[in-house]
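Visitor: Before we begin, could you take me through this model by setting its computed values against the criteria behind them?

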Amino acid sequence: MTAIVRWLRKPAGRRTIVGYIFITPFMLGFLFWFLVPALTSLWLVVHDWNMIAPPEFVGLGNFRDLFTDKLFWQALKVTTAYTAIAVPLGMVLAFLLALLMNAKVRGITVFRTIYYLPSIVPAVSNAVLWAWILNSDFGLLNALLHVFGLRRVLWLQEPEWALPALILMSLWSLGGGMVIYLAGLQGIPNEFYEAAAIDGASAWAKLWHVTIPLMSPVIFFNLVMSLIGTFQIFTAGYLITNGGPQNATLFYVLYLWRNAFLYLKMGYAAALAWVLSFIIMGLTVFIFRGLGSRVYYEEVG
Amino acid sequence: MATTGAKLSAGGSLGVRRVRGGLSRRWLSQVMIWVVLVVGAVLMMLPLMWMVSSSFKLEQRVFQFPPQLIPDPFRPANYVDALTYKPFHIYFRNTAFLVLMNELAILLTASFCAYGFARMRFPGRDLWFAIVLSTMMVPYVVLMVPQFVIFSRLHWIDTFLPLTVPYFFGGGAFNIFLLRQFFRTIPEELADAARIDGCSEFAIYARIIMPLAKPALTTVAIFTFIGTWNDFMGPLLYLNSPQRFTVSVGLATFRSVLNTRWDLLMAASTATTLPIIIVFFMAQRYFVQGVVLSGLKG
C-alpha cells in the first residue's frame, strides 16, 4: 500500500493519475453504455420478457426458437444477398471511379464533389427520394427506362425487383468510399510507377503489382467497415418497402426491430442481435485470416 | 475502362507517358476518361435534380409521364405548404438543439480523452486504446435493445437524454481516434517548453493543443453535425411526442401521412437536405481531411 502511494508521488505515478483522468470520460462511457448493456443483453437473451410482465427464464429457448422461425431465415437470406451484391459492387465501382479521377483530368474537384454529395444526403430524405424515384407509375427510373424504349418495372411491388432496386439505391452513396480510395491513390509515390515503367510493366501489371498492393490496407479497411455497416441496413427497408413485398426486403435489423419494439419480445430480439454480431465477427475474422496476410503494410520510418 | 484509368493514374510524370504512349494517345484516353466521368456525374446528379424539380411542381404535374425536368408552372409555395403541414419549425429547432448539445459533448470530451491517448504515457494506455478501437467494430444493433431497456428504466424515454448524455462520455470511439491521430502530429517541443514553464498537462491541453487542433476539431464538428442531423434510428426509438421530433422522424411521419403528395414530400426532403449541403460547401476541405485522417494512417 505504502509502495503504491510512494510510486504515485513520483513523476511516473503522477503521470499515470493524470493520464487516467484524461481518459476517464471514455472509461465511464464504456462502462455505462457498453459493458452494462452487454451484460443486460446476456441477461435478456435467456429470458422471455415483454418489459411489462415479469420476465421468465427460458435458458437457450430463444436461440432454439430462431432455428424454426421462417422469418429469421428469410431475414438472414435477404440481408446476406443484399450484402453479398451491394458491398462488392459498390467497392469495385468506387475504386474504378477513384482510379479514373486520379488520372489528372480537368475538373477533378468538381467531379469529386458531385460523386461525394449523394453520400451525405440524410438517410430519411434519401429513402423518401428513392421511394419516389422507384415509383412504378411516375418515377424517374421508369421514365429513364421509357426513354431507352424499355418496359416499366414494378420496382417495389414485385418481390424479385425490390431487392435489386434497393441495391441500386445503395450504389448512389458510393462517394464516401470513393473519396477514401482517391486519398489513398494520391498518397502512392510516383517512383513506384516510374520504376515499374522502366521494367516495362504494362498498365495492367502496374494496377496489379503496384496500385492494388499499395492500396490493400485501404481496401481492407473499407471492406470490413462496409460489411459491418451493410449487414445492419435498416432505414431503406423500414421506410421504403416496410420489408415487403412478400418479405423480399425484410432486412435482419428490421426484423429485429419489429421483435423488440413492435412485438416487445426483448429476449428474442437480444438473441437475434447476438446471432447477427456473431455472423459479423465471424466474417471479420474470416476476412482477416483470408486476406489479412495479403495486405501490404508499407514500412513507415 | 480500368486499363486506361490504371495507366493514367500510373504514369505520374510526363516523361513516362511520352515514352509509352505519345501525345495523341494520351489525349484520347484523357477524353475517354472525361466522358465516362461526365456520364457518371450526370447519373449521380439526376436524383438530386429530380428531387428539387419535383419539389417545385404543381400537384398534378408530378403525375405526368414522361415527367418534365423543369417545372412549369414553377411553384415555390410547395415549401410553405409542406413545412407548415407538419410543424417543421419545431423539428428543426429540436434537431438544432441536439446538434448543439452533441457538438459541445463531443468536442470537449473526445478531445480530452484523445489527449490522454496521444500525449500521455502511462501503464494501461495501449490496452484502453485497443478497447476504443474495438468498440468501433461492435455492431450498434447488439447494444440497441439493452440500451433501450436501460434508458426506459431510467425513465429517459421521450426525452432528449438518450440522444445526448452518452456523447458526454468520450464522444464516440471514432472521434477519439481521429483527434488522437491529429494530436500526435503536433510537435512535442511546444508542450515540453510549456512544462518547463510549469504548465500542467490540463493547461497544455487547453492552451496549446486545442488551439492548434482547430482543423481536426472542425472536421469532428462537421461529422458530428451530419451524424446528428441525419440520425434516424435513435430519434425514432426514443422520441414519441411530435413536439420532440427531429427533422428525420418528422419527415418519416410526414411521408406515412401524405404518401402520394410527392410535390410536398420532395419539398420537405429538399429542405431537410439543404443544411447538410450548405455545410458541405462551406467546409469542403475538412471533409477530405477527415477522410485522410481516419482512413489511411493506422
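Guide: Helices here are DSSP runs of H or I with at least four residues, and strands are runs of E with at least two. By that criterion, chain B of this predicted model comes to 17 helices and 0 strands.

Visitor: What makes α9(A) largely enclosed by the rest of the structure?

Guide: A residue is called buried if 20 or more other C-beta atoms lie within 10 Å of its own. In α9(A), 10 of the 12 residues are buried, so the helix is largely enclosed by the rest of the structure. Among the buried residues are G175(A), M178(A), Y181(A) and G184(A).

Visitor: How do you know that the length of α9(A) is close to the expected one?

Guide: The expected span is 1.5 Å times one less than the number of residues. With 12 residues, α9(A) reaches 16 Å from its first C-alpha to its last, which is close to the 16 Å expected.

Visitor: What describes the packing of α5(A) and α9(A), and which residues make the contact?

Guide: Two packed helices are described by the angle between their axes and the distance between the axes. Helix α5 (residues 108-116) of chain A and helix α9 (residues 175-186) of chain A pack at about 145 degrees, with their axes 8 Å apart. R112(A), Y115(A) and Y116(A) contribute from α5(A), while G175(A), M178(A), V179(A) and L182(A) contribute from α9(A). By class, this contact has 5 nonpolar, 1 polar and 1 charged residues, and Gly counts as polar in that scheme.

Visitor: Why is a set of residues called a nonpolar core?

Guide: The name applies because its members are buried residues of the listed nonpolar kinds, joined through C-beta atoms within 7 Å. The largest such core has 123 residues, of which L256(A), V145(B), L179(B) and V220(B) touch the most other members. Helix α6 (residues 88-119) of chain B gives the most to this core, with 13 residues. Leaving aside residues up to four places away in sequence, V220(B) touches I106(B), L107(B), A110(B), N175(B), L178(B) and L179(B). A second, separate core of 24 residues includes F95(A), Y181(A), M215(A) and M44(B).

Visitor: How many residues does each chain give to the contact between chain A and chain B?

Guide: Chain B gives 89 residues and chain A gives 87 residues. On the side of chain B, the largest share, 15 residues, comes from helix α3 (residues 23-55), and by class that side has 61 nonpolar, 22 polar and 6 charged residues.

Methods. Residues are numbered from 1 along each chain as its sequence is written. Chains are lettered from A and ligands numbered from 1 in the order in which they are written. This is a predicted model: local features need pLDDT of at least 70, side-chain atom pairs count only at pLDDT 80 or more; totals for chains, interfaces and linings use all residues. Two residues are in contact if their C-beta atoms, placed from the backbone, lie within 7 Å. Axes are lines fitted to C-alpha atoms, for helices over the stretch in contact, and angles run from 0 to 180 degrees between N-to-C directions.
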